[in-house]
Amino acid sequence: MARAPFELAGVQVAPGTRTQIDVPVAKLYTHAPLDIPVEVVHGRQSGPTLLVCSAIHGDEINGVEIVRRLLRSRQINRLRGTLIAVPIVNVFGFVQHTRYLPDRRDLNRCFPGSESGSLGGRVAALFRQQIVDQASHIIDLHTGAIHRTNLPQIRAQLNGADDETRSMADAFGAPVILNAELREGSLRHYAQGRGIPVLTYEAGEALRFDEWAISSGVRGVLRVMRRLGMLTGEQRRRTPAAAEVANGSSWARAPIDGILRPRVRLGARVAKGELLGLVADPFGNAEGEVRSMADGIVIGMGRLPLANEGEALFHIARFDAIEEAESAIETFHSSLEPPPDGLY
């Protein structure tokens, strides 16, 4: 029995084909239409429907390149199931180089949205109805906020989560899995509430391409697709070391206003009370120490040296097995030899 076409926004995609679809989302002040770009790859054989999306925050552009390379990968030519690839969800923010929508709302706090609500609510409702609700699994691609960078990591709610979520998280191959609570209004909160397994991949910083984060992201998505049975054939790369799950995290903050001089790097293992950096005024008359509040790993840090008192500077994740976490990160670093563009 032939597989049925896949329909999105009124467009039908036949089995064994791929189609780019522009989903109308709004109009600019000039009356020019604005669309969410989508590509659907509909396999000849049945299988999961995986949504891979990025730039829900418009300035988080690493995910855009991850989606582009994923769509160029030869491995998806024999896809089982359906891939819905959305490189830019927040087209408003992407055009303006900003995290937010024009009304300053965070689109990732607007789900499930409302057809008669604010701009954020309307965009969230349209994205949910046309795209999200068709997915059986989701990978949501993010970076750190402006002037912050993240160690490649998976965020998922593992307490009480289904086995499929944990299986996807393990398969991705990031060195760290952060057991993160759901935030109301987020895509992850909405999807998991509907029983859709969802991962958030965080890596790099806003408005910057980071090859380390991008190549790791592409490989991670392909590993998840292979775990879900969407890809066939042998895996071309060795399976990464098992990621360690962080049981919590917190930020070390600036003790005074001033200029930060960091003393640790991203991914470093730190001990409770260890000096992470110094914040001083431009003359050096006043100087404050930033120290770790726990044993852990630096999974995020500020990139802008200028700091106000109380500003988050170093994100420390805590582990029950910190030696294993350090080893997983070192193994991950040593494996980072990006292949030529698009060859995965």
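## Threonine 149 and its surroundings

Leaving aside neighbours within four places in sequence, threonine 149 is in contact with Gly204, Glu205, Leu266, Ile299, Gly300, Met301 and Arg303, where contact means heavy atoms within 4.5 Å. Threonine 149 has its place in strand β8, residues 148-156, and with 6% relative accessibility it counts as buried. Helices (H or I, at least four residues) and strands (E, at least two) are DSSP runs, numbered from the N terminus.

This is a predicted model, in which local features need pLDDT of at least 70 and side-chain atom pairs count only at pLDDT 80 or more, while totals for chains, interfaces and linings use all residues. Residues are numbered from 1 along each chain as its sequence is written, and side-chain values use heavy atoms, with hydrogens and water left out.

## Helix α1 against helix α6

Two packed helices are described by the angle between their axes and the distance between the axes. The axes of α1 and α6 cross at roughly 50° and come within 9 Å; such axes are lines fitted to C-alpha atoms, for helices over the stretch in contact, and angles run from 0 to 180 degrees between N-to-C directions. That angle makes α1 oblique to α6, given that angles under 35 degrees count as roughly parallel, over 145 as roughly antiparallel, 65 to 115 as roughly perpendicular and the rest as oblique. The crossing of α1 and α6 is right-handed; a crossing has this name if the near helix is turned clockwise from the far one by less than a right angle, and is left-handed if the turn is anticlockwise.

On the α1 side the contact is made by Asn62, Glu65, Ile66, Arg69 and Leu70, and on the α6 side by Glu211, Ala213, Ile214, Gly217, Val218, Val221, Leu222 and Met225. These residues divide into 8 nonpolar, 2 polar and 3 charged, where Ala, Val, Leu, Ile, Met, Phe, Trp, Tyr, Cys and Pro count as nonpolar, Asp, Glu, Lys and Arg as charged, and the others, Gly among them, as polar. Because 9 of the 11 residues of α1 are buried, this helix is largely enclosed by the rest of the structure; the buried residues include Asn62, Glu65 and Arg69.

## Helix α4 against helix α6

Helix α6 (residues 211-227) also packs with helix α4 (residues 163-172), at an angle of about 135° and with their axes 8 Å apart. The two helices α4 and α6 are therefore oblique to each other, and α4 passes α6 in a right-handed crossing. Ser167, Met168, Ala171 and Phe172 of α4 make this contact with Ser216, Gly217, Gly220, Val221, Arg223, Val224 and Arg227 of α6, a set that divides into 5 nonpolar, 4 polar and 2 charged residues.

Tryptophan 212 also has its place in helix α6, and at 23% relative accessibility it counts as partly exposed.

## The loop between β5 and α1

Glutamate 60 lies in the loop between β5 (45-54) and α1 (62-72), and at 2% relative accessibility it counts as buried. Its side chain makes a polar contact with the side chain of arginine 99 at 3.3 Å, and the side chain of glutamate 60 also reaches the backbone nitrogen of threonine 143 at 3.2 Å. A polar contact is a pair of N or O atoms within 3.5 Å; within protein, one must be able to donate a hydrogen and the other to accept it, and residues adjacent in sequence count only if both atoms are side-chain atoms.

Not counting residues up to four places away in sequence, glutamate 60 touches Ala55, Arg99, His142, Thr143 and Gly144. Alanine 55 is found in the loop between β5 and α1, and at 0% relative accessibility it counts as buried.

## Backbone angles

Most residues other than glycine have a negative phi, and most peptide bonds are trans. Phi of alanine 55, however, is near 60°, a positive value, and phi of alanine 9 is near 55°, also positive. Alanine 9 has its place in the loop between β1 (6-8) and β2 (11-13), and at 32% relative accessibility it counts as partly exposed. A cis peptide bond, with omega about 10°, joins phenylalanine 111 and proline 112, and proline 112 lies in the loop between α2 (91-96) and α3 (119-130).

Definitions and conventions:
Buried means under 20% relative accessible area, exposed over 50%, partly exposed in between (1.4 Å probe, protein chains only).
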